[in-house]
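Please examine the sequence and the three-dimensional model shown here before reading on.

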Amino acid sequence: MQNITFDELIIGQSAQLQREVKQTDIEAFAAISGDTNPAHINPAFAQQTPFHGVVAHGMWEGSLISALLGTQLPGPGTIYLQQNLTFKRPARIGDQLTAKVTVKSKDAAKHQVWLDCTITNQQGQLLVSGEALVIVPTQKLSV
């Protein structure tokens, strides 16, 4: 892995990753986070919710954005300062998600960058939108 330094970042630059929602991801996230809300892990209960079935944790989706920021854009050495997310649609088991971050603005004095963040499904439907604020390394890092 190699980062992209503050000076190398360009407004409009983006990166994305794709991930399929799997039952094992939901179970692992529930175990690690302690979020055992039955809407995520109990199919009979989840069927009675407005979503009529099991849905992935919204913050599991948020973790895909975190993965992008820490491994691709800007990459290793990035410091996460702020994140806001709006959950527009649920992600379901079997969905193919695309998380994308795009450089929105740069603050040279603080080496901070705002990025637009989205997650869409295989049908191109917007599931999550938001922004992230990060401090970007000024030195090249390879890990």
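The model is predicted: local features need pLDDT of at least 70, side-chain atom pairs count only at pLDDT 80 or more, and totals for chains, interfaces and linings use all residues. Residues are numbered from 1 along each chain as its sequence is written, and side-chain values use heavy atoms, with hydrogens and water left out.

The protein contains four helices and five strands; helices (H or I, at least four residues) and strands (E, at least two) are DSSP runs, numbered from the N terminus. Read from the N terminus on, the order of elements is β-α-α-α-α-β-β-β-β. The C-alpha trace spans about 50 × 25 × 20 Å along its principal axes. Of the 143 residues, 41% are buried, where buried means under 20% relative accessible area, exposed over 50%, and partly exposed in between (1.4 Å probe, protein chains only). Contact is defined as heavy atoms within 4.5 Å. Among contacts between residues at least 6 apart in sequence, 68% join residues at least 24 apart.

The five strands form an open sheet in the order β1-β3-β4-β5-β2, with antiparallel pairing; two strands pair if DSSP finds at least two bridges between them. Strands β1 (14-20) and β2 (79-87) are the edge strands, each pairing on one side only. On average, neighbouring strands of this sheet are turned by 20° against each other, direction ignored. Axes are lines fitted to C-alpha atoms, for helices over the stretch in contact, and angles run from 0 to 180 degrees between N-to-C directions.

Within the sheet, strand β4 (residues 112-120) pairs with strand β5 (residues 126-135) in the antiparallel sense over nine bridges. Threonine 120 has leucine 126, in β5, as its bridge partner. Helix α4 (residues 58-71) packs on the sheet and touches β1, β2, β3 (96-107), β4 and β5. The direction of helix α4 makes about 140° with that of β2.

Attention now turns to one residue. Aspartate 25 lies in helix α1 (residues 23-33). Is aspartate 25 buried or exposed? Aspartate 25 counts as buried because its relative accessible area is 12%. Not counting residues up to four places away in sequence, aspartate 25 touches Arg19, Glu20 and Trp60.
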